[in-house]
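Thanks for coming, everyone. Let me put the sequence and the structure up, and then we'll walk through them.

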Amino acid sequence: MSESLSLEAAMGLAIEQADAVKGATYPNPPCGAVILDAAGRVAGVGATEPVGGAHAEVRALRRAGELAAGGTAVVTLEPCNHHGRTPPCVDALLAARVARVVYAVRDPNPVAAGGADRLAAAGVSVHAGVGADAVAAGPLREWLHKQRTGVPHVTWKYATSIDGRSAAADGSSQWITSEAARADLHVRRAAAEAIVVGTGTVFVDDPSLTARRPDGSLADRQPLRVVVGHREVSADARVLNDDSRTMTIRTHDPAEVLQALADRTDVMLEGGPTLAGAFLRAGLINRILAYVAPIVLGGPITAVDDVGVPSITRALRWEYDATHRIGPDLLVSLVPRESR
């Protein structure tokens, strides 16, 4: 018989469920749910299915069955209270006769919100905020940004030497970082909805921009590939192969790029120094993911070009969001200082 879990541990399990479906639930948020029986033991877990499928609470309740009665539902997002492609999750929770609902983040969407109030009015004990920071900085980071701002969340990813070079003086850049770092990137690509590069990167590197498994095969989920710029891309470019869909946007304006991707939530910028500089100057990067290798390259090829900073007093200020060791490399996550 399994042991009872604390609410914090149960929320951690729900976050794991949500992380596992990032990229597969668009346009719905990637959510996770855990049902604890009356004794606090795990009776069912679930995550949001692709659009049109069941939400996390419903999947977890199905697995829990009768054990949900008198138990606790632990979910990453406030249960929805509207009938969209599927019935409200509140209905399923009430029908299952759960005694308590614990959630991390209140639903900011006014159409779906109100689930907590309705549950409480029906006599269910409701607790908010458990694991809120971990959820908001984790599986729901991009979705919550889109709800707040109406525009996609943009993560600038790049690999660099410890001295900030993205390639050696002769232009060679494969591979600055380790195999472990590249494997981590492919996991993140599979969770993203779009990857953006400029035509310069296509001409120089001829990337495929796909998400792959460690054995080199294509991952089940592939992001939309987006090429930005005015130059025509060769029909033989790997970015135009059949591994995934590709969109070309004839502009150098970052705002126009995001307008073209307005229906997306999670956008990864993998372009070279020119495109990165343009997005930074426009203030349209919400997170930086830097894979830093313990090597020194020197030379003129830096990770980013001009960002419009005339002096140190005008520097673009960021702060550390997280750091991780990945093999011999370091993954640094940063967010704009004013957003924290």
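**Cysteines, sheet and loops**

C89 is buried, at a relative accessible area of 1%. Buried here means under 20% relative accessible area, exposed means over 50%, and partly exposed is in between, with a 1.4 Å probe and protein chains only.

A word on the source. This is a predicted model, where local features need pLDDT of at least 70 and side-chain atom pairs count only at pLDDT 80 or more, while totals for chains, interfaces and linings use all residues. Residues are numbered from 1 along each chain as its sequence is written, and side-chain values use heavy atoms, with hydrogens and water left out.

Back to the cysteines. How many disulfides does a search of the whole structure find? The search finds 0. A disulfide would be a pair of cysteine sulfur atoms within 2.5 Å. For C89, the nearest cysteine sulfur is that of C80, 3.6 Å away. C31 is in no disulfide either; the sulfur of C89 is its nearest, at 8.4 Å. C31 is buried too, with 9% relative accessible area.

Now the sheet. It is open, with 5 strands in the order 2-1-3-4-5 and mixed pairing. Strands (E, at least two residues) and helices (H or I, at least four) are DSSP runs, numbered from the N terminus. Two strands pair if DSSP finds at least two bridges between them. Which strands stand at the edges? Strand 2 (42–47) and strand 5 (125–128) do; each has a single partner strand, so one side of each has no neighbour in the sheet. Strand 1 (residues 32–36) and strand 3 (residues 72–77) pair antiparallel, over 4 bridges. In strand 3, T72 is the bridge partner of L36.

Next, the helices. Helix 1 (residues 7–20) packs on the sheet and touches strands 1, 2, 3 and 4. Contact means heavy atoms within 4.5 Å. The direction of helix 1 makes about 50° with that of strand 3. Helix 2 (residues 56–64) lies across strands 1, 2 and 3, at about 145° to strand 2. Axes are lines fitted to C-alpha atoms, for helices over the stretch in contact, and angles run from 0 to 180 degrees between N-to-C directions.

Last, the loops. Between helix 1 and strand 1 sits P27. A cis peptide bond joins Y26 to P27, with omega about 5°. R97 is not a glycine, yet its phi is positive, about 65°. R97 is exposed, at 51% relative accessible area. L209 also has a positive phi, near 55°. L209 is buried, at 3%.
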